[in-house]
Structure formats: structure tokens, C-alpha cells
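User: I'd like to learn how to read a ligand site in a structural model. Could you walk me through one, step by step?

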Amino acid sequence: MRPLLALCLSASALVALPLSHAAQAADAGVLHIFNWTDYTAPDMIKKFTAETGIRVTLDTYDSNETLLAKMKAGTTGYDIVVPSNDFVPIFIQQKLIQPVDVADMPNFHNLEPRWQHRAWDPDAKYTVPWQWGTTSFVYDTKVYPGPVDSFATFLNPPAVFKGQVGQLGSPSEVIDMVLVYLHKPYCNQDPATLKQVLALLEAQKPFVKVYNSDGIADRMVSGETTMHAVWSGDAERARVQKSTLRYVYAKEGGPGWMDNVAVATGAPDLENAKKFLNFMMDPKNAAMETSYSGYENGVTGSGQFLDPKLGNSPEFNPPKDYKIYFNYACPAKATKDYDRIWTLLRK
Ligand code: SPD
């Protein structure tokens, strides 16, 4: 058992070891996870600890940009990070996550074939699917009865939403949504299109109360905001607390994404991290995570273990003909353009 081994090591060897080794030994038996907010099922973590003896610490972030900035700033002490599909190639290229040969792990065969070799990690060297879902917006039908079937309502809201709208807090999320609305490709570098994107976001600004990807469900349930950009599972979390909320499947379609579990470069405990990746490809464990956060996982056979509430959940079950546009990593120039638009918008 790992914790016992760790205890023995620290008891017998600490005095003799130089400080860095001592710190390592003291840390054995712990897995440090850095994940999105409200995205790590407590009962699933308990099960992982019960099965492996590995204790878990959890810190959270609100966007890929925040995660990237922290990882680039230097050693974070995290073993596990969870970047989205459009950021995985950037993390790989910048050597912020390390190859762990996921395709050779015992539970790899449980992944649905379509997710075994994902465009952002074609040889399944680095990542395991965590959860995937859609991005759209939610509104309170008590405030505005609708009907609403387009991102036009979010970007140019009815007067009743003035000062009541919540936007996501990161450039990639906000701009991708506008590009889908305009039927334009992601990572757009066309000056005219970018001008149009900025104009739409500037026009929306007087309606926006907050640009923040954290705490969306709380704001919508309390009524602090009455319309908010949101990811599907977080919309479900809000709607079960306030039944008048409605997640919109826009006629334009909407952004789709997958978040992926990866091992940070310099992870304090590589073996613990690999155990966690393998654990997440077990159908029961993936189902525990999905039942908590309300997003799809990529694991075959997890459906039978899901919380039955998800069977009827509109956020979890998009209409069959809904167009989901998965995004992808942008070249540096496009990211720079996105950042410029964001800076102009937020000034
Ligand atoms: N509650 C947090 C859910 C995290 C969703 N990640 C979305 C990534 C979209 N690019």
C-alpha cells in the first residue's frame, strides 16, 4: 500500500535525505489536482482514495487561460490538470504536460472508439477524456417568456435584461460563441470578421453585469443575473435549483468542447497521477463524475451507472439535429487577435 510505504520512507529516511528528497517523501501518497470549479465529484474522489490509499488535494480555476498562465509561471506542484481540447496542443507544445502513454493503460479499451484517438491527442499519449459538453446561454423564463432560439437574443437582449446579463470570463469562450453565431470559422484572423465580433460584444456590454465563468449557477439561482453564457452541465446545476431557467439550443448551433485529464510536467508523483488517469476510464468512476457535473464522459458502459435525473435533462440531451462545433487550438496570431479584442472590450 502506497501510504504505508510513504510512512515508512519518511520515518526511516527523512533525517538522512537532503531537503528536496525529504519533501518528496513527505508528499508520497497525495495527488494534487488542479481542475475547473464545481467539476470534481467528491464521492468519486473518496472512492479513488479508498481504492488506492492516495489522498487528494483540489484547487480550482475558471478558464483555460488562467490554467495556462499559472502553468507557464512555473512549478505549481500539481500532478493533474484538465485543459480543454483547444488548449491541449498548446500545453503539449509548451511541454507543460508530459506523455504518459494513455493508450497502454489497462482501462484504455473502455473509451468509446471515437474518443480513443482525439484530434488534439491523436496517439492518446497525454490525455484521458474528462467530460464534454456544449456552451450556450441560459435565461429565466419568468423574466422573459421568450421564445428564444438564437444567440441574437443573448448578444442583443430585450430591454428587460439590461444590466442583468452574465458573460463568460475568457476571450476564447466569448469569441468562439460569437463566431458560431456569425457562421464563421474559429481562430478567425479576418480583420472584417474580428471587427464585427468586437462590435457585437461592445453592443452587448451595457447589458452585461459581470464577465465571470465561476459562480454562474449561484448568480442565476439568486437572480443576480437573469441571462448568462454557460456550459451545459452548469446550466443543469442551476435549473434543478430554479425550474424557470432554460438552456438555449440556438438555431445557429453552438460550441462544443472536451476537457481532458493530463499529467503536469514535473508532477510530484507521476505514478499516482497515472493511477488517476486509469481510474477515470472505468465506467463506474466516469459515471460518478458525470452524475455530479452533468456532462458527458467518453467511457463506454458508464450510462447504466448514471443518476436517472440525467435521462430527462434537456442540458444533457441536446436535440438530435443540434449542430455542435468542436473548437480547436488557434495559431499564435489568432490568439493575439482574440487577446486584443478582449482587452478592448474589457477596458
Ligand atoms: N463547472 C466547470 C465546467 C467546466 C467546463 N469547461 C468548459 C471548457 C470550454 N472550453
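Analyst: Happy to; we will go through the ligand site and then the disulfide. Keep in mind that this is a predicted model.

User: Which polar atoms lie by the nitrogen atoms of the ligand?

Analyst: For a polar contact, look for a pair of N or O atoms within 3.5 Å. A polar backbone atom of threonine 37 is 2.7 Å from a ligand nitrogen. From the side chains, aspartate 259 places a polar atom 2.8 Å from a nitrogen of the ligand, and aspartate 234 has an N or O atom at 3.0 Å from a ligand nitrogen.

User: How much of the ligand does the protein bury?

Analyst: Compare the ligand alone with the ligand in place. Alone, the ligand exposes 340 Å², and the protein buries 98% of that. The space the ligand takes is the second largest pocket.

User: And how many disulfides are found in the whole structure?

Analyst: Look for cysteine sulfur pairs within 2.5 Å. The search finds one, joining cysteine 187 to cysteine 330 with an S to S distance of 2.2 Å. The angle about its S-S bond is -85°, a left-handed link.

Notes
Residues numbered from 1 in each chain as written. Predicted model: local features only at pLDDT ≥ 70, side-chain atom pairs only at ≥ 80, totals over all residues. Heavy atoms only, no water. Polar contact = N/O pair within 3.5 Å; in protein donor to acceptor, adjacent residues only side chain to side chain. Areas by Shrake-Rupley, 256 points an atom, 1.4 Å probe, with all protein chains shown as cover. 1 Å grid on protein atoms, 1.4 Å probe; cavity = no way out; pocket = protein on both sides within 12 Å on 5 of 7 lines; lining within 4 Å. Sits in = over half its atoms within 2 Å of the grid points.
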